[in-house]
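Welcome! Please take a moment to look over the sequence and the model below, and then we can walk through them together.

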Amino acid sequence: MDKIVQYISENWIAIISLIISVYTIWKQRIKLTVTFQQNMLIDHPDAVFMLGPNGEIRSHHSTAQTQIEIVNSGTNDVAFFDLRVFDGLTNRNIPFITENTIPIEYPDKKVFTLFDETYYQLDIPKRTFGVFKANSFTKMSIVVILDKLPKELENIDNIHISFKIARNAYFKKDKFAVTDRKKFDFFGMNYSITGWKEMYNKLLQEQQTQLESEKQNKQE
């Protein structure tokens with residue numbers, strides 16, 4: 001016991017410095033809660049669209065969408081990067097909407113969707129990288145452009161979404177990483193869209209039937 005007291009008395013500055021360092025590391029640890037929406041919705045034809053400066057509409061004929069919600073409850077900003085939508089079998093990227101992919105003739109960069117006869121503005125990510133601010137909530141609407149799928153992926157059954165954060169991963173590696181950044185921690189989700197073409201064609205047929213019915217009612 002005397003030796004312990006002697007050691008503490010001789011090294012109290014070093015012990016206090018160690019305690020402060022450990023507390024600082026603990027306080028500054030990354031605290032992210034990432035929630036992927038469980039399903040990916042196949043949209044009605046032309047349900048996702050943009051408005052031009054003169055009110056003109058530009059839509060994507062066939063899309064699917066889901067959402068990611070991120071809570072950064074830590075005291076530090078957290079950088080994210082390599083936001084990807086891809087096929088898990090071939091690891092090929094699949095096109096999705098970010099503000100950077102929106103044509104320059106739509107300067108406000110706003111994207112809307114029609115769901116249950118109500119219009120909503122989507123929370124489109126600005127880029128495939130960015131920052132989750134300290135003590136913040138972020139929502140990202142991931143809109144996959146199915147009508148721009150490469151021919152070999154037209155019958156795709158599963159879509160993967162993932163992104164990395166600026167923290168080394170010690171126990172898990174991103175086996176789908178296409179860059180040399182495999183060592184970083186990541187979050188991901190796999191979505192089944194089996195039969196999406198049949199679903200889209202059914203929605204298209206329902207839409208055409210409704211339009212024809214409305215046209216007939218007006219004529220009457």
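Let us start with a pair of charged side chains: E105 and R58 form a salt bridge, with their closest N and O atoms 3.9 Å apart. E105 sits in the loop between β6 and β7, while R58 belongs to strand β4, so the pair ties together parts that are 47 residues apart in sequence. Both partners are partly exposed: E105 has a relative accessible area of 41%, and R58 has one of 33%. Please keep in mind that this is a predicted model.

## The chain as a whole

With that pair in view, here is the wider setting. The protein chain has two helices and twelve strands. Followed along the sequence, the pattern is α-β-β-β-β-β-β-β-β-β-β-β-β-α.

How much of the protein chain counts as buried? Of its 220 residues, 35% do. The accessible surface comes to about 14200 Å², and 54% of this belongs to carbon and sulfur atoms. Among contacts in the protein chain with a separation of 6 or more, 74% are between residues 24 or more positions apart.

Strands β7 and β8 run antiparallel and are joined by four bridges. F115 is found in β7 (residues 112–115) and stands opposite T118 in β8. Is F115 buried, partly exposed or exposed? With 40% relative accessibility, F115 counts as partly exposed. Together with L41 and Y120, F115 makes a nonpolar surface patch of about 270 Å².

## A second open sheet

Another set of four strands forms an open sheet, in the order β9-β6-β11-β12, and here too the pairing is antiparallel. Its edge strands are β9 (130–132) and β12 (184–192), each of which pairs on one side only. From one strand to the next, the twist averages 30°.

Within this sheet, β6 (residues 78–86) and β11 (residues 158–168) run antiparallel and are joined by five bridges. One of the positions to look for is F86, whose bridge partner in β11 is H160.

## β5 and β10

Now turn to strands β5 and β10, which pair in the antiparallel sense over ten bridges. T66 stands opposite I142 in β10. Seven of the ten residues of β10 (residues 136–145) are buried, so this strand is largely enclosed by the rest of the structure.

A64 is buried, with a relative accessible area of 0%. Beyond its neighbours within four places in sequence, A64 is in contact with M40, L41, I42, D43, I142, V143, V144 and L146. The C-alpha atoms of A64 and L146 are 7.0 Å apart in space, although 82 residues separate the two in sequence.

## More salt bridges

How many salt bridges does the structure hold? There are six, including the one between E105 and R58. In another, the side chains of D77 and K133 meet at 3.6 Å, N to O. This pair links distant parts of the chain, with D77 in the loop between β5 and β6 and K133 in the loop between β9 and β10, 56 residues apart. D77 is partly exposed, at 44% relative accessible area.

R167 and D185 form a salt bridge too, with the closest N and O atoms 2.6 Å apart. This pair connects strand β11, which holds R167, with strand β12, which holds D185, across 18 residues. R167 is partly exposed, with a relative accessible area of 29%, whereas D185 is buried at 8%.

## Two loop residues with positive phi

Most residues other than glycine have a negative phi. D46 is not a glycine, yet its phi is positive, at about 60°. Look for D46 in the loop between β2 (41–42) and β3 (48–51), where it is partly exposed with a relative accessible area of 31%.

N135 is not a glycine either, and its positive phi is about 50°. N135 lies in the loop between β9 and β10 and, at 60% relative accessibility, counts as exposed.

Technical notes. Residues numbered from 1 in each chain as written. Predicted model: local features only at pLDDT ≥ 70, side-chain atom pairs only at ≥ 80, totals over all residues. Heavy atoms only, no water. Patch = residues over 30% accessible without salt bridge, like charges linked within 9 Å, V, L, I, M, F, W, Y side chains within 5 Å. Areas by Shrake-Rupley, 256 points an atom, 1.4 Å probe, with all protein chains shown as cover. Salt bridge = Lys/Arg side-chain N within 4 Å of Asp/Glu carboxyl O. Buried < 20%, exposed > 50% of the residue type's maximum accessible area, 1.4 Å probe, protein only. Pairing = 2+ DSSP bridges. Contact = heavy atoms within 4.5 Å. Axes fitted to C-alpha atoms, helices over the stretch in contact; angles between N-to-C directions.
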